[in-house]
Amino acid sequence: MIEAKYYQENDLKLLTRRQFITSLSGLALVKAFPACTWFSDQPISIAAHVWPGYESMFLARSEGWLDSNQVTLVETSSATESVKKLSEGKVLGAALTLDEVLKARATGLLLSIAMVFDISAGADMLVAHPSIKKLADLKGKRIGYEKNSVGELLLNEILKVAELKKHDVELIELTIDEQIQAWNLGQVEAVVTFEPVASHLQAQSGVKLFDSRQIPNTIVDVLAIRNDAIDFTHASAIRHLISTHFHAIDHLKRNPQDASYRMAAHLGLPVVDVLPAFKGLVLPDAAYNYRLLEGSQPELLKSAQNLASNMIKNEKLQHKDSLDALINSDFLPTDFS
């Protein structure tokens with residue numbers, strides 16, 4: 001299981017044998033075919049919706065750290081839209097949760113995980129009307145959630161704890177961009193949501209009754225790349241994106257007030273509410289990412305195996321995924337100095 005804590009960077013194995021061999025092979029091929037356009041660096045497009053864990057990419061873009069000639073960020077309204085763009089080939093990668101990656105792979109959309117953005121430790125939650133005092137009070141109530149996303153995963157856990165079945169409540173399918181309006185119109189009494197929408201709902205008398213701290217190490221946000229883009233031609237762009245993500249995370253940790261000011265507008269939050277939105281997240285640095293993704297049995301793969309088993313049990317996956325090529329640590333930075 002993933003352990004939600006930060007790691008020191010001084011005891012890290014910096015270069016795997018596979019990376020070393022791949023680098024040597026790549027250099028040999030480039031020398032052999034210097035004029036071949038197949039080896040030229042190709043840009044990559046990444047889909048992402050508004051979520052604090054993904055904000056590092058947008059901060060890097062706004063500050064000029066992210067080279068637009070290498071990486072194009074495609075803003076979407078929800079994870080559902082991001083997956084749709086991936087499946088249609090309109091983007092080559094997306095910021096998604098681990099369960100969303102598993103669901104996409106089950107449809108035949110082969111994806112590999114190149115980095116972990118964050119581990120949710122309270123940022124995903126159920127917000128309910130103040131008249132609902134406990135989870136059992138959800139019986140007969142209208143609950144908004146996003147189907148085929150992390151919202152559905154969290155909903156299943158909420159109902160289990162509440163000792164309720166789906167037929168005991170009225171489920172309303174809402175993508176994240178539809179939730180505030182549905183709440184304001186009185187179309188739901190509770191919403192499975194996340195930041196920054198969660199803060200808006202709580203500011204309008206909503207009460208948090210359940211969050212991802214109660215299901216630790218289950219909700220993990222990752223950078224997923226189409227397998228047909230995990231190649232030599234896109235390597236430079238993928239590495240650049242990941243490197244600038246860590247640069248932005250470092251800026252957030254070292255200069256939180258400045259980062260809050262710069263991220264507020266894109267997150268749609270007042271500056272004073274930006275840092276609280278990050279409180280429910282663990283933001284793994286490069287060293288921690290290596291520990292999650294590196295090795296023959298990386299920690300994230302074990303988590304994916306456990307999650308896939310639970311999803312099959314809950315009929316959210318129809319068949320077992322071999323998880324071949326799910327994890328790819330080759331694009332993580334090797335210099336932590």
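**Salt bridge and packing**

A: The side chains of R61 and E75 form a salt bridge at 2.7 Å, N to O (a side-chain nitrogen of Lys or Arg within 4 Å of a carboxyl oxygen of Asp or Glu).

Q: Where in the chain do R61 and E75 sit?
A: R61 is in helix 2 and E75 in strand 2 (residues 71-75), 14 residues apart, so the pair links distant parts of the chain. Helices (H or I, at least four residues) and strands (E, at least two) are DSSP runs, numbered from the N terminus.

Q: What is this based on?
A: The model is predicted: local features need pLDDT of at least 70, side-chain atom pairs count only at pLDDT 80 or more, and totals for chains, interfaces and linings use all residues. Residues are numbered from 1 along each chain as its sequence is written, and side-chain values use heavy atoms, with hydrogens and water left out.

Q: How many salt bridges in the whole structure?
A: A search finds 17.

Q: New topic. At what angle do helix 2 and helix 8 pack?
A: Helix 2 (residues 55-62) and helix 8 (residues 235-254) pack at about 95°, axes 8 Å apart. Axes are lines fitted to C-alpha atoms, for helices over the stretch in contact, and angles run from 0 to 180 degrees between N-to-C directions. That makes helix 2 roughly perpendicular to helix 8 (65 to 115 degrees).

Q: Which residues meet there?
A: S56, M57, L59 and A60 in helix 2 touch L241, T244, H245, A248, I249 and H251 in helix 8, with contact meaning heavy atoms within 4.5 Å.

Note on methods:
Parallel < 35°, antiparallel > 145°, perpendicular 65-115°, else oblique.
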